[in-house]
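Dear colleague,

Here is the structure that I promised to pass on to you. Please look it over with the notes that follow it, which go through a few places in turn.

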Amino acid sequence: MKTQVKALVVGGGAIGTSIAYHLARAGWSDVMLIERDELTSGSTWHAAGLLPLFNMSYATTHIHQYSVEFYKTLEEETGLNPGFFIVGNLRMAQTQARMDEYMLYAATAETCGVPYEWMSPDAIKERWPLVRTEDLQGAIYHPTDGYINPADLTMAMAKGARQRGVSIERKWQADGFEWKGDHWDVTLTKMIERGGNLVPGEEQVVVSAEHVVTASGNHAQRTARMLGIKMPAIPVEHQFIVTEPDPALVAYRKAGGAEHPVLRDADAKWYVREERGGWILGPYERNAPARFEYGVPDSFRADLFPLDLERIEEEYMSMIHRIPSSEEVGLKDDFNGPICYTPDGNPLVGPAPGLRNMWLAEGFSFGITAAGGTGHYLAQLMVGGEAEIDMASLDPKRFSQSWMTTEFAARKNEEAYDHVYILHHPDEERPAARPLRTAPAYDRQKALGAQFGWVNGWERPNYYGPLDAPESFDHDARSFRRGGWWQYAVEEAKAIREGVGLIDATAFTKHVVKGPGATAFLDWFTCNKLPRVGRINLTYALTDHGTTRTEYTIVRIKEHEYYCVSSGGWTEYDGDYLRKAAADKAGEFGYIEIQDVTTQWGVFAIAGPKTRDVLKEVIRDADPDTALSNKRFPWLSARPIELGMCPVNAIRVAYTGELGWELHHPIEMQTYLWDLLLAAGEKHGLKLVGARAQNWLRQEKSYRAFGNELGRDATPLEADLPRFVDLDKEFHGKAAMEATGIRSKCVTLLIDGPEDADPWGREALYLPDAPLRGDGGTRVGRLTSGGYSVAFGKSIGMGYVKPDQAKVGQKLMVRMQDKLWPAEVVEDSPYDPTNANIRVDG
Ligand SMILES: Cc1cc2nc3c(=O)[nH]c(=O)nc-3n(C[C@H](O)[C@H](O)[C@H](O)COP(=O)(O)OP(=O)(O)OC[C@H]3O[C@@H](n4cnc5c(N)ncnc54)[C@H](O)[C@@H]3O)c2cc1C
């Protein structure tokens with residue numbers, strides 16, 4: 001066995017094998033994969049092998065799409081047939097809401113180039129007469145979907161990897177990881193058989209590896225413990241059953257009938273496919289328990305749990321309803337195996353928090369589908385520094401280390417499993433493990449009608465509904481169109497435009513960067529000029545490839561002390577990048593101290609033309625009348641003020657585009673400040689405002705949002721933000737940013753959409769020449785944000801288009817609900833383009 005390698009991949013399931021293959025293919029010649037047992041002996045061996053392209057996430061859809069294309073090439077490359085059957089995939093809809101979901105999903109599919117067709121119940125019946133269709137609304141059909149043999153796939157990828165120089169060592173378990181400054185020393189133990197169990201033997205070797213990738217499947221908790229980190233990857237039980245041959249199916253096929261596509265009855269929570277004349281039924285039932293929270297026992301190898309037929313009875317009965325001929329058919333086989341999940345159902349792919357050259361590829365629930373694409377894009381990240389798609393939505397650091405626990409992960413993962421086939425409303429909020437992280441004002445907000453959204457564990461008001469709302473109010477308010485919450489958000493948005501509103505922004509990520517090296521470091525780390533003391537600026541930290549890694553509002557508190565505010569959902573993701581960069585640069589720039597102060601400071605954003613009227617009531621100052629004037633408190637400046645007895649670091653910015661301040665206050669004084677502001681605001685009509693209205697308002701000002709317009713697939717220049725990029729200085733990622741040029745450009749669009757719906761920010765954009773179905777039309781981009789504009793009384797969106805379609809006045813079409821709607825590129829900040837409202841004096 002080699003004892004020195006460029007990369008060591010831990011785990012020989014579909015995921016690890018694909019990563020090893022793709023690292024070699026991307027040019028790393030010295031890659032080794034170790035597996036504690038046999039290849040495919042984890043979840044991979046008992047997977048049903050379906051390859052569903054359907055996914056609401058842009059990044060995951062790309063990953064799945066790559067896999068499907070890649071699997072087709074494997075036989076030619078390796079001589080091994082992975083058993084890939086392209087039979088199509090038919091997702092049936094029992095309700096109009098489900099059809100709406102498919103139409104929104106089709107938008108994502110379209111922007112990723114995934115083919116689909118619509119089918120009517122009659123068309124389904126005609127092609128597959130065994131399927132009962134009278135209670136269906138229709139279906140979406142993917143002709144390129146299918147299923148594959150997971151073990152054969154893994155073996156083909158392993159052969160391909162070996163052919164490219166990867167060494168694969170079986171019966172070796174990674175038992176310890178030690179970072180030596182420029183490589184990992186990984187202790188491997190030879191595994192031996194004892195009494196049917198696989199246990200560690202005496203023999204050990206230490207392998208030094210510049211990079212390590214863990215793809216340990218159900219063993220993720222053990223891996224996390226060894227690495228000293230937390231990973232919310234915990235398996236849940238998943239069953240599927242195989243029936244005896246169905247005589248009706250056998251006869252249908254004998255008569256020349258085409259193989260059924262993989263059938264998905266999402267409303268009934270199952271998939272079905274043909275298997276040797278019978279059916280495989282895979283339910284996503286309620287109450288499937290999490291397993292192995294604290295590790296996989298030695299005795300559990302390629303084992304299964306006992307079938308729990310009672311748990312899947314409902315889904316079984318509904319299969320019989322959908323395929324009546326299956327009623328007479330007995331059960332032939334059953335599988336109940338651990339399937340790894342994460343709290344949001346997406347895997348954890350990317351750099352491990354706090355560690356160098358340690359990459360995670362854990363928590364896969366669709367790992368057979370995702371293996372190819374994960375290997376491809378992770379290899380791009382590792383070898384080239386970035387992937388061509390933004391992998392942030394899969395990054396392990398989207399869950400913070402500071403508050404995550406085993407119990408949280410287990411309960412959320414059970415929920416993620418249970419939610420596989422729920423209606424995935426874009427305004428969906430999931431209930432498990434909530435409330436968990438609450439700011440002090442939470443109870444007061446709840447009492448005032450707040451309906452909360454989940455932001456990295458925090459509860460943040462999305463909107464304020466009726467005071468007497470039943471528990472189910474928000475659930476019932478969800479829709480693919482304008483939900484029951486829409487009218488509340490409209491009122492809130494209007495209040496900010498016309499009066500004054502208060503938004504809780506406590507979830508913001510906040511870091512203090514200080515010390516003798518802080519100024520030189522931040523000047524290098526971010527692309528805009530640093531502000532003067534007492535001033536603020538908006539700036540970006542870039543990736544090595546010159547794309548946007550983090551958006552910061554930076555307040556310069558002292559000569560060498562900065563308060564850096566970034567997006568609320570991304571505390572660990574931003575902090576990890578910042579800390580690693582500062583550690584790398586301390587030698588060059590001097591000592592830099594980084595403190596995560598996120599949970600020490602609450603934030604209320606107050607905005608609207610009447611903001612000063614409210615604040616003047618409570619500000620304590622020698623001259624309260626002028627304390628907030630342009631002279632004493634200009635736009636884009638920051639200073640400490642006192643509101644009643646609460647010390648506040650006030651920042652004059654407003655993400656809504658009105659006169660406003662962010663009031664950063666000691667978290668323990670939050671309820672005091674809340675009560676003070678509400679009392680003072682009463683006579684001025686202060687309205688409580690949630691994140692949904694804020695999201696619409698910022699689009700009227702063309703303010704880009706991190707995770708939407710801003711991410712690792714576009715540079716700040718492509719985001720059309722040259723005013724925040726100082727090309728006169730040197731900064732990290734500058735050369736790469738300039739070399740990238742403008743591949744596509746961010747624009748704001750006003751949209752004449754349907755009466756009852758707004759875009760969600762996933763829709764494809766076409767030139768007006770597009771025919772109604774769009775297939776032959778010219779797709780020129782996609783939306784990244786969407787919503788309703790109270791200022792213009794119509795839908796609004798932001799998105800990316802090819803540079804020559806980014807001109808003001810350019811006519812485009814947006815596909816919503818499977819129709820094309822006219823849209824026009826408008827000037828940036830269509831509302832108040834001169835910022836007169838923001839700068840207003842008083
Ligand atoms: C019943 C069932 C049906 C499924 N059907 C589908 C489907 O139709 N389509 C689909 O896409 N997905 C399906 N899945 C999910 C799929 O099986 C998994 O997502 C996928 O197999 C995960 O692959 P992996 O490589 O991450 O993990 P695994 O296959 O579990 O591989 C991890 C490997 O790492 C090894 N390992 C762990 N720790 C160490 C260590 N310290 N040192 C060395 N080796 C180590 C383990 O022995 C194991 O072999 C199904 C799952 C189940 C349970």
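Q239 is buried, since its relative accessible area is 0%, where buried stands for under 20% relative accessible area, exposed for over 50%, and partly exposed for what lies in between, with a 1.4 Å probe and protein chains only as cover. Please bear in mind that this is a predicted model, in which local features need pLDDT of at least 70 and side-chain atom pairs count only at pLDDT 80 or more, whereas totals for chains, interfaces and linings use all residues. Residues are numbered from 1 along each chain as its sequence is written, and side-chain values use heavy atoms, with hydrogens and water left out.

Q239 belongs to strand β10; helices (H or I, at least four residues) and strands (E, at least two) are DSSP runs, numbered from the N terminus. Its side chain makes a polar contact with the side chain of E285, at 3.4 Å, a polar contact being a pair of N or O atoms within 3.5 Å, of which, within protein, one must be able to donate a hydrogen and the other to accept it, while residues adjacent in sequence count only if both atoms are side-chain atoms. A polar atom of the Q239 side chain also lies 2.8 Å from the backbone nitrogen of D308. Beyond residues up to four places away in sequence, Q239 touches, among others, L281, P283, L307, R311, F335 and Y417, where contact means heavy atoms within 4.5 Å.

Strand β10 (234-243) is also one of the elements that give two or more residues to the shell around the ligand, and these include α1 (14-25), β14 (331-341) and α9 (367-384) as well. The ligand has 37 residues around it, of which E35, T44, F364, G367 and T369 come nearest; a residue is near a molecule or strand if one of its heavy atoms lies within 4 Å of it. The shell divides into 16 nonpolar, 18 polar and three charged residues, with Ala, Val, Leu, Ile, Met, Phe, Trp, Tyr, Cys and Pro counted as nonpolar, Asp, Glu, Lys and Arg as charged, and the others, Gly among them, as polar. A polar backbone atom of A48 is 2.9 Å from a nitrogen atom of the ligand, and a backbone N or O atom of F366 lies 3.4 Å from an oxygen atom of the ligand. The protein covers 98% of the 1000 Å² of accessible area that the ligand has on its own, as found by the Shrake-Rupley method with a 1.4 Å probe.

R356, in the loop between β15 (348-351) and β16 (358-362), counts as partly exposed at 25% relative accessibility. A polar atom of its side chain lies 3.1 Å from the backbone oxygen of K580, and R356 is also in contact with W179, W184, A583 and D584.

Two further elements are mostly covered. Helix α14 (residues 518-525) has six of its eight residues buried, so it is largely enclosed by the rest of the structure; what covers these buried residues includes β20 (509-514), β22 (548-558) and α15 (571-589). In strand β28 (residues 660-666), seven of the seven residues are buried. Strand β25 (residues 601-607) runs antiparallel to β28 and is joined to it by seven bridges, with E662 as the bridge partner of A605; strands pair if DSSP finds at least two bridges between them.

With best wishes
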